[in-house]
Amino acid sequence: MIRTLLFLTALLAAAPAAAQGWTPDVIYVPTPHEVVDDMLRLVDVKKGDILYDLGSGDGRIPIAAAKKYGIRATGIDIDPERIAEANQKARGAGVSKLVEFRQEDLFKANFRDATVVTLYLLPDLNLRLRPRLWAELKPGTRVVSHQFDMGDWQPDKKQGEIEARIEWLPFQLNPEMPAEGVVRADYRRAKFGSVEKGRALDARVAQEGAGEGIEFAFDRMQRTPNTVAAHQLIDLAQTQGKGDAVVDALFRTYFEEAGDIGDVAILQGIAERLAVKGWPEEKDMDKVREKEDRVRDLGINGVPTFIFDRKSGLSGAYPPDQLAQAIREAATK
Ligand SMILES: C[S@@+](CC[C@H](N)C(=O)[O-])C[C@H]1O[C@@H](n2cnc3c(N)ncnc32)[C@H](O)[C@@H]1O
C-alpha cells in the first residue's frame, strides 16, 4: 500500500514537468549550507575561478561562491521554479552581477569554461556525466561531488563523516592546590572575595546546567579537590579505551553528586565500576606530569580547551555545531 502511494505521488510530481517537456533526473534536495562551505574549501576556490553547479537547485552553491570568494558562478537546473528561486536569492544576496542561472538540461549544457564544477546528483548520474567532464573540462579543473562518488575515478581529497578520536589531556587550574584539596567555602571566599559572591556565580552556572539537563550540586560540595590523581586515572583508563567513561564518571561524581574526586576511595570506586585494570599500581605519574607541562607550554590557561588535530584550538564552552565546524575546518587544512 505504501509503495503504491509513493509511486503515485512520484507520478503526480513528475506529470506537470513532463507536460512542459522536461523531467528532472533527480529530485531537489539542497546541500546543507555548512557542507556547501566545506565543498568550496575542499576544492580550494580562489579569485579568478569560474564555477558551475550542475543541477543547481535554489542556487546556494553559486551564490555562496560569488559571495565568499567574489568569483563568477553559473547554476544549471532543468526546473524553471528552481531557476526563479535561485535568481531571487542571488538578488537578495547582492551577487546578481556575478551569478547566472540557466534553465537547461545539465547533460546538454555547455560548461567548458569551468575551473570548478560542483555536483549533488546521484551515483549513476555522476557516471553518466563523467565522460563529458573528462572530454570537455580544461586540465586542472576541480570537480567536487557532495555525497556520491564517481565510480573508479578516485578523489584526490575526501571529506566524509570524520572519525574523531578524543584524547583527554591533564590540566590543573590551581597547580598549588594541596594534595588533600581545601574546604570549598574557604577556597571560594579567597577566590571571589566572599562566600555570597561565589554562591551567586554558582547559581548562574546551575541555571545554565538545568537547561542542559545537568543538576549541579554546588550547595552540597564540601571540598575543592586536587585533581592530579584523577588525571592519572584518566590517563590509565585511556590506554584501555575507557577514557571517556572515566571522565564522565568523574564529572558526575564531582558536579552532580558532590563527591571529592581527590579522595582515594572515590577514585578506587570509579576504577572498579568501570573495570580499569591496574589502578592504582600502574598509574604513570611522570607521564601525566609531562603531558601537563606540554599543555602549559602551548599557552593554555583555562578549561575547557579543545585542540583539533594539533592545528587549531578553542577555549571556553561552545555549542556542538561550532565544535563540529572547527573539526571540519581542521580536517581540510
Ligand atoms: C539534489 S539537487 C542539488 C541542488 C544543489 N546543487 C545543491 O547541492 O543544493 C539536484 C538538482 O538537480 C536538478 N536536476 C535534475 N535533473 C537535471 C537535469 N537533467 N539537468 C539539470 N538539472 C537537473 C533538480 O531540479 C535539482 O534542483
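## Domain layout

The C-alpha centres of domain 1 and domain 2 lie 30 Å apart. Domain 1 covers residues 20-145 and domain 2 covers 303-333 of the protein chain; these bounds come from an automatic or database domain assignment.

This is a predicted model: local features need pLDDT of at least 70, side-chain atom pairs count only at pLDDT 80 or more, and totals for chains, interfaces and linings use all residues. Residues are numbered from 1 along each chain as its sequence is written.

## Helix H9

Helix H9 spans residues 243-256. Helices are DSSP runs (H or I, at least four residues), numbered from the N terminus. At 1.5 Å a residue, the 14 residues of H9 should span 20 Å, and the end C-alpha atoms are 19 Å apart, which agrees. The expected span is 1.5 Å times one less than the number of residues.

Val-246, Ala-249, Leu-250 and Tyr-254 of H9 are buried. Seen down the helix axis, the buried residues fall within an arc of 115 degrees, so they line one face of H9. The arc is that of the directions from the helix axis to the C-beta atoms. Buried means 20 or more other C-beta atoms within 10 Å of a residue's own, exposed 12 or fewer, partly exposed in between, with C-beta atoms placed from the backbone. The face turned away from the buried side carries exposed Asp-248 and Phe-251.

What covers the buried residues of H9 includes helix H8 (228-238) and helix H10 (264-273). Just after H9, Ala-258 takes a positive phi of about 60 degrees.

Val-228 lies in H8. Val-228 has 17 C-beta neighbours inside 10 Å, so it counts as partly exposed.

Notes
Helices (H or I, at least four residues) and strands (E, at least two) are DSSP runs, numbered from the N terminus. Two residues are in contact if their C-beta atoms, placed from the backbone, lie within 7 Å.
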